[in-house]
Amino acid sequence: MACIEARSLRKVFGNTVALDGVDLKVEEGRIVGLIGPNGAGKTTALNAIVGLTPYEGTLNVLGCDPWSQRDQLMREACFIADVAVLPRWIRVSQLLDYVAGVHPRFDRRKAENFLAKTTIKHSSKVRELSKGMVTQLHLALVMAMDAKLLILDEPTLGLDILYRKQFYDSLLNDYFDGGRTIVVATHEVEEVQHVLTDLMFIDRGHIVFSCSMEELEGCYFEVMVQPDTLDAALALKPIHQRRVFGRTILLFEGAEKQQLEDLGEVRTPGVADLFVAVMSRQPDRGQGAVQ
Amino acid sequence: MNTQSNATAPTLGTQSAAPADIPALQQFYSLIQRETWESRYLYIAPLAAAGLFLLGFVISMVYFPGRLRSALGSAELHDVINQPFDLVAVMIMAFTFFVAMFYCLDALYGERRDRSILFWKSLPVSDTATVISKASIPIVVVPLFAFALTVATQLVMLVLSSVVIQGSGLTAGMLWSQLSLFHAWHTLFVHLVTGHGLWYAPIYAYLLLVSAWARRAPFLWATLPLVAVGGAEKIAFNTQYLVTILEGRIVGGPSVDGAAAGMNMDAMTPFTLTQLVSSPGLWIGLLVATAFLAGAIRLRRQRGPI
């Protein structure tokens with residue numbers, strides 16, 4: 001059964017079309033990176049998935065309609081909206097008490113064990129914690145919730161590299177067990193790419209690209225070509241080219257790997273490079289418009 | 001995948017053993033508790049007021065035996081003894097009424113302003129349960145707390161004054177005979193539960209609705225439109241229905257003929273259950289409160305952080 005299934009999902013805010021007919025399907029056990037430029041509709045899509053915003057079209061998440069069954073859905077789904085949504089006035093111990101008091105699948109001991117590995121004190125108020133510690137605290141809560149689906153919207157924005165790395169390591173080592181599904185929207189593409197099983201690029205309310213990491217490795221190649229073989233390489237119709245230190249790096253889609261190896265060293269492209277290539281193919285979006 | 005599902009087998013085992021649901025009452029208790037953690041002024045302000053009053057009362061004890069002696073045998077005796085007890089009850093009532101209104105204005109606005117609504121909504125708690133728990137604070141919890149605090153403060157006052165009187169050579173028994181505390185407590189309890197809880201319910205529900213709706217300055221949104229509408233009504237039709245309705249709601253109370261009962265202590269005669277149930281004002285108020293709360297639930301569902 002698909003964990004998330006959306007058909008022609010549409011959401012309009014005034015004159016702005018945030019989601020313009022999004023179709024997507026996320027199977028159980030996948031870790032999907034939802035990647036897109038600012039204002040692409042990532043947050044709107046994730047908010048619709050966790051029942052925070054009404055929408056047009058059909059959306060099924062873990063068998064629920066998120067908008068009308070949010071409280072039921074949130075028993076089996078978790079959501080980290082941002083780095084700073086934990087109430088600042090609450091104490092860590094109160095937060096644990098509260099979540100244990102309202103969430104049927106929350107294992108308080110698990111959360112405490114996780115917190116024991118950090119420097120967070122139970123008597124601290126959230127306002128006294130650093131941004132990184134707040135994220136650790138939120139992660140501790142989420143990891144103790146035993147959910148089937150975890151939705152993360154820029155969970156590490158503004159954190160330093162150590163906290164970011166630790167966040168994704170914990171997620172992968174302590175949380176992900178193959179049965180859970182994770183959808184993460186982020187700008188920090190390079191840092192999450194080793195974590196992901198699937199990629200989804202979103203731009204101006206459309207899913208413009210979607211593939212699994214295996215497909216990425218089998219279909220997309222990056223070749224650094226010398227000037228003398230450039231013409232031969234361009235004849236194979238790369239989807240994107242960029243110049244680094246006087247040499248040209250070409251990105252190919254669906255080309256024969258053998259053929260490419262004659263032109264230069266073949267590598268699997270980084271998600272960031274692929275993202276730039278896909279975005280620059282979008283109509284009305286010039287090359288380099290997206291960083 | 002197979003090896004992984006083996007590794008998670010123990011988790012799955014505990015999962016199926018865990019209760020699938022948290023009883024509604026237990027969840028409700030957690031929600032109420034959460035409110036008292038966030039809005040500590042709900043009890044700190046009345047406690048501080050009661051503390052300050054007690055301090056004043058202790059100071060008054062210096063003159064108390066003298067005043068008592070000069071009032072002995074006269075009709076004033078009853079007043080000298082009862083006045084501080086009545087005063088503290090009225091003061092705690094006023095304090096809790098104000099903190100309850102202040103609480104309502106912030107209850108559904110604050111969580112949107114500090115973005116914590118995104119966290120609260122990520123938990124399996126419905127908007128209905130949330131709004132009902134927030135409405136229960138002014139309608140149920142605060143009146144009960146006001147009652148408990150008044151009784152506790154009056155008990156302390158009783159012990160203090162008894163000791164002082166006994167020490168000054170008078171008998172504390174005369175104090176006790178002049179005070180009919182049990183009767184007063186019964187009256188107070190009924191007044192708080194029916195008046196401050198049920199009769200004021202539409203006021204609190206209105207404030208909660210504004211709190212769920214306003215993008216900024218909920219206090220202004222709650223008050224200025226009423227003033228403007230009242231003014232417009234006066235100039236357009238030379239009537240003041242709105243003012244009358246609001247006045248009846250704030251200073252009135254449930255009574256048989258619907259007349260304003262007033263807020264003073266003498267008017268706090270307990271209503272019989274029949275009188276209460278037959279008061280149309282009470283039922284209309286509760287209906288209006290229900291409609292306001294339904295609106296607040298709807299808004300809470302739709303509105304995100306501001």
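1. The six-stranded sheet. Chain A of this predicted model holds an open sheet of 6 strands in the order E5-E6-E7-E3-E8-E9, with mixed pairing. Strands here are DSSP runs of E with at least two residues, helices are runs of H or I with at least four, and both are numbered from the N terminus. Two strands pair if DSSP finds at least two bridges between them. Strands E5 (77-80) and E9 (206-212) of chain A stand at the edges with a single partner strand each, so one side of each has no neighbour in the sheet. On average, neighbouring strands are turned by 15° against each other, direction ignored.

2. Numbering and confidence. Residues are numbered from 1 along each chain as its sequence is written, while chains are lettered from A and ligands numbered from 1 in the order in which they are written. Because the model is predicted, local features need pLDDT of at least 70 and side-chain atom pairs count only at pLDDT 80 or more, whereas totals for chains, interfaces and linings use all residues.

3. One pair inside that sheet. Strands E6 (residues 149-153) and E7 (residues 181-185) of chain A run in the parallel sense and share 5 bridges. In this pair, A:Ile151 lies opposite A:Val183 of E7(A). Helix H11 (residues 271-281) of chain A packs on the sheet and touches E3 (31-35), E8 (198-203) and E9 of chain A. Contact requires C-beta atoms, placed from the backbone, within 7 Å. The direction of H11(A) makes about 35° with that of E8(A); axes are lines fitted to C-alpha atoms, for helices over the stretch in contact, and angles run from 0 to 180 degrees between N-to-C directions.

4. The four-stranded sheet. A second open sheet in chain A has 4 strands in the order E11-E12-E10-E13, with antiparallel pairing. Its edge strands, E11 (240-244) and E13 (264-267) of chain A, pair on one side only. The twist averages 25° from one strand to the next. E10 (residues 220-225) and E12 (residues 247-253) of chain A pair over 6 bridges, and A:Tyr220 has A:Glu253 in E12(A) as its bridge partner. H11(A) also packs here, touching E10, E11 and E12 of chain A, at about 75° to the direction of E12(A).

5. Helix H6. H6 (residues 161-175) of chain A has 15 residues and reaches 20 Å from first C-alpha to last, close to the expected 21 Å; the expected span is 1.5 Å times one less than the number of residues. A residue is buried if 20 or more other C-beta atoms, placed from the backbone, lie within 10 Å of its own, exposed if 12 or fewer, and partly exposed in between. The buried residues of H6(A) are A:Arg164, A:Phe167, A:Tyr168 and A:Leu171. They cover an arc of only 85° around the axis, so they are on the same side of H6(A); the arc is that of the directions from the helix axis to the C-beta atoms. Helices H5 (131-143) and H7 (189-192) of chain A are among what covers them.

6. Positive phi in chain B. B:Ala217 has a phi near 45°, a positive value in a residue other than glycine. B:Ala217 sits in the loop between helices H12 (201-213) and H13 (218-237) of chain B, and counts as exposed because it has 12 C-beta neighbours inside 10 Å.

Terms used
Two residues are in contact if their C-beta atoms, placed from the backbone, lie within 7 Å.
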